[in-house]
Structures are given as structure tokens and as C-alpha cells.
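Me: I would like to learn how to read strands, loops and backbone angles in a model. Could we go through one step by step?

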Amino acid sequence: QVQLVESGGGLVQAGGSLRLSCAASGRTRSTYATGWFRQAPGKEREFVATIRWSGGSTYYADSVKGRFTISRDNAKNTVYLQMNSLNPEDTAVYYCAAGPVGTYFRAPYGPAGYTDWGQGTQVTVSS
């Protein structure tokens, strides 16, 4: 099992930036990719971005492409999500999740591809 702790959320004005962090511990070697998802009130959890630990390939949802950047620090077992040009539609609870190789490829851009989840961090963007 992998334990994940998110941090860095908060309140920001439209057009502003935030950087989220996701620190992993436990059986981190089993993680093939780490993803960020978000869930707004009354909506389903949606994919934001994912990064593979081997090779560093990244993938983004169309809604955040060009504004958000996912990165990793292997030495710190930490994944980051730099969010720029935020708008009120980005308001949500943001979760990071770990996907082992067997699960990840079943659904790399959906919650079903990930087995361990953090508790989430709130991001609120005011207009």
C-alpha cells in the first residue's frame, strides 16, 4: 500500500497560481504512475494529469493543458502540480493517486487506474 499526502491548496484569485504537492510513502516502488484528479461539488471525480515514474511521460486533460504542469522528484517521492492561469472552474478538491502497472493501463486517465488515494486538498479560485 502507498500512503499519499497532498498539500498546497488554498484560495486564489482568478489568473493566479498554486503548486500542489503529493508526498508518497510506503510501497512506492509498486507505483508506475501518479495522477492528479479533482472533484467539484455535485460532479464526478475527473482526471487532471498523470506522470509515469519511469521515463517521466506526462498526460493532461484538455481542460488544463497549457496551464498545469505535473512533475516529480524521485529522491523525495513527491509529485507536484503547478497550476497557472487559474479560473473559477478549477475550484475543486484535488486528489493525488498512485497507480501500479497492472491497474494503471486499464484506465490511465480514470480513477479505476489507481489504487491508493490521498485525502485531498481544497483549491478555491475566486472571480
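Reply: Start with what a strand is: a DSSP run of E with at least two residues, numbered from the N terminus. The model shown here is predicted.

Me: Where is Ser85 found?

Reply: Ser85 lies in the loop between strand 8 and strand 9 (92-100). Its phi is positive, about 50°, although Ser85 is not a glycine.

Me: Is Ser85 buried, partly exposed or exposed?

Reply: Buried means under 20% relative accessible area and exposed means over 50%, with partly exposed in between. Ser85 has 42% relative accessibility, so Ser85 counts as partly exposed. Asn77 has a relative accessible area of 27%, so Asn77 is partly exposed as well.

Me: Now the strands. In which sense do strand 1 and strand 3 pair, and over how many bridges?

Reply: Two strands pair if DSSP finds at least two bridges between them. Strand 1 (residues 2-7) and strand 3 (residues 18-26) pair in the antiparallel sense, over 6 bridges. One place to look is Val5, whose bridge partner in strand 3 is Ala23.

Me: How many bridges join strand 3 to strand 8?

Reply: There are 6 bridges, and strand 3 and strand 8 run antiparallel. To find this pairing in the picture, look for Arg19, which stands opposite Gln82 in strand 8.

Terms used: Residues are numbered from 1 along each chain as its sequence is written. This is a predicted model: local features need pLDDT of at least 70, side-chain atom pairs count only at pLDDT 80 or more; totals for chains, interfaces and linings use all residues. Side-chain values use heavy atoms; hydrogens and water are left out. Buried means under 20% relative accessible area, exposed over 50%, partly exposed in between (1.4 Å probe, protein chains only). Helices (H or I, at least four residues) and strands (E, at least two) are DSSP runs, numbered from the N terminus.
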